[in-house]
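The sequence and structure come first, and the notes follow by topic.

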Amino acid sequence: MLKVYLSGEIHTDWRERIVAGAQDLDVVFDSPVTDHAASDDCGVAILGAEPDKFWHDRKGAQINAIRTRKGIEEADVVVVRFGDQYKQWNAAFDAGYAAALGKSLVILHGPDHAHALKEVDAAALAVASEPEQVVDILRYVLTGKLP
């Protein structure tokens, strides 16, 4: 069985496409909480309200970090998606953390991000542009079969 952590962009269906494409493979997927509001507010929902937005965000970030660290540390493969919207500093951080742990890292982004992510891409074992390519990588790793 392969444990795969799906990190990064939360505004498109890339995770669902990978999970659906890998249905016939012996893969278990994990990811951060992708409900944006729940992720942002988990700290204050659990530990209490904060009048200062900085501390509101800090509580959420720290609790989310517990989940993220666990997911990355337990994964065999970490896939990090950089989408077209927003500056995804958390995705870059996750990629760096996975690389520092020596995880098999797959980066997923479109051609417009190739220059901006060149250092992140250099740390990865594969750089894909479509979720289906990630499925093909997983299939090859598990079965040795090409698409």
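A nonpolar core is a set of buried Ala, Val, Leu, Ile, Met, Phe, Trp, Tyr and Cys residues joined through side-chain atoms within 4.5 Å; buried means under 20% relative accessible area, with a 1.4 Å probe and protein chains only. The model is predicted, so local features need pLDDT of at least 70 and side-chain atom pairs count only at pLDDT 80 or more, while totals for chains, interfaces and linings use all residues. Residues are numbered from 1 along each chain as its sequence is written, and side-chain values use heavy atoms, leaving out hydrogens and water. Helices (H or I, at least four residues) and strands (E, at least two) are DSSP runs, numbered from the N terminus.

**Nonpolar cores**
- The largest nonpolar core has 16 residues, of which Val 4, Ile 18, Val 79, Val 134 and Leu 138 touch the most other members.
- At least two residues of this core come from each of S1, H1, S3, S4 and H6.
- Another core, of 14 residues, lies apart from it and includes Ile 72, Val 78, Leu 105 and Leu 117.

**Helix H6**
- H6 (residues 131-143) has 13 residues and reaches 18 Å from its first C-alpha to its last, close to the expected 18 Å (1.5 Å times one less than the number of residues).
- Pro 131, Val 134, Val 135 and Leu 138 are the buried residues named in H6.
- The buried residues of H6 fall within an arc of 100 degrees seen down the axis, so they line one face of the helix; the arc is that of the directions from the helix axis to the C-beta atoms.
- Their cover includes strand S1 (2-8), helix H1 (14-21), strand S2 (27-30), strand S3 (77-81), strand S4 (104-108) and strand S5 (126-128).

**Helix H1**
- Trp 14, Arg 15 and Ile 18 are buried in H1.
- These residues cover an arc of only 100 degrees around the axis, which puts them on the same side of H1.
- S1, S2, S3, S4 and H6 pack against the buried residues of H1.
- Beyond its neighbours within four places in sequence, Ile 18 is in contact (heavy atoms within 4.5 Å) with Leu 6, Phe 29, Leu 108, Pro 131, Val 134, Val 135 and Leu 138.

**Ser 39 in helix H2**
- Ser 39 is in helix H2 and is buried, with a relative accessible area of 17%.
- Leaving aside neighbours within four places in sequence, Ser 39 is in contact with Val 33, Gly 60 and Asn 64.

Methods: Buried < 20%, exposed > 50% of the residue type's maximum accessible area, 1.4 Å probe, protein only.
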